[in-house]
Amino acid sequence: PSRFVTTADAFAGKGQYETAAGMLQNAVRENPSDSEAWVALGNVLIEHADGSLTPAALYAYARANEVDPGNPAASYFMGLGFLRSGRPVEARQAWADLLESAPEDALWRAGLAERLERLEDLMQQMGDVPAQGQ
């Protein structure tokens, strides 16, 4: 990771999300192709907003996907942000899209498929999504 990402992580670990976001803004200003910094910025912005997926965080994840479309991190954390914001349908869609585009041999594929299945089960129990095949 860039020096900004490493330093921002330390600030975020202490709950200093605004400072961490500033560091990450410097990182993406210096290197707009740093997908890791864009993902980290999205994550820090969610934490700064007490778990809400803000438009700024969505933008950061979108930029991460643009500069490194093969990296699953942005879509995964965006899905997590949707969940934390009480938007399970959008989380499910983000993860389903990610799983659909994932290479068959991706090491993270099985873990994501399991999380997606658990989310769908929970949504069915809550009545938010129809049962499979309906």
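Predicted model: local features only at pLDDT ≥ 70, side-chain atom pairs only at ≥ 80, totals over all residues.
Local features need pLDDT of at least 70 and side-chain atom pairs count only at pLDDT 80 or more, while totals for chains, interfaces and linings use all residues. Residues are numbered from 1 along each chain as its sequence is written, and side-chain values use heavy atoms, with hydrogens and water left out.

**View 1. Ser35 and the residues it touches.**
Ser35 sits in helix H3, residues 35-48 (helices are DSSP runs of H or I, at least four residues, numbered from the N terminus). Its relative accessible area is 11%, so Ser35 counts as buried (under 20% relative accessible area, with a 1.4 Å probe and protein chains only). Skipping residues up to four places away in sequence, Ser35 touches Ala64, Val67, Asp68 and Asn71 (contact means heavy atoms within 4.5 Å).

**View 2. The largest pocket and its lining.**
Rolling a probe the size of a water molecule over the atoms shows where empty space is left. Here, about 200 Å³ of space lies in the largest pocket. A pocket is an open set of points on a 1 Å grid over the protein atoms alone, where a 1.4 Å probe fits, with protein on both sides within 12 Å along at least five of seven lines; lining residues have an atom within 4 Å of a point. Points are joined across faces, edges and corners, and the volume is the space filled by probe spheres set on them. Of the 14 lining residues, Asn65, Pro69, Ser75, Leu98 and Ser101 lie nearest the centre. H5 (73-84) and H6 (88-101) each supply at least two lining residues, and H6 gives the most, with four.

**View 3. Helix H5 and its buried face.**
Which residues of H5 are buried? They are Ala74, Ser75, Met78, Gly79, Gly81 and Phe82. Seen down the axis of H5, these fall within an arc of 160°, so they line one face of the helix (the arc is that of the directions from the helix axis to the C-beta atoms). The buried residues of H5 pack against H3, H4 (55-67) and H6. After H5 comes Gly86, with a positive phi near 75°.

**View 4. Leu116 in helix H7.**
Leu116 belongs to H7, residues 109-126, and is buried, with a relative accessible area of 7%. Leaving out neighbours within four places in sequence, Leu116 is in contact with Arg92, Trp95, Ala96 and Leu99. Arg3 and Leu116 are 113 residues apart in sequence and 33 Å apart in space, C-alpha to C-alpha.

Terms used
Buried < 20%, exposed > 50% of the residue type's maximum accessible area, 1.4 Å probe, protein only.
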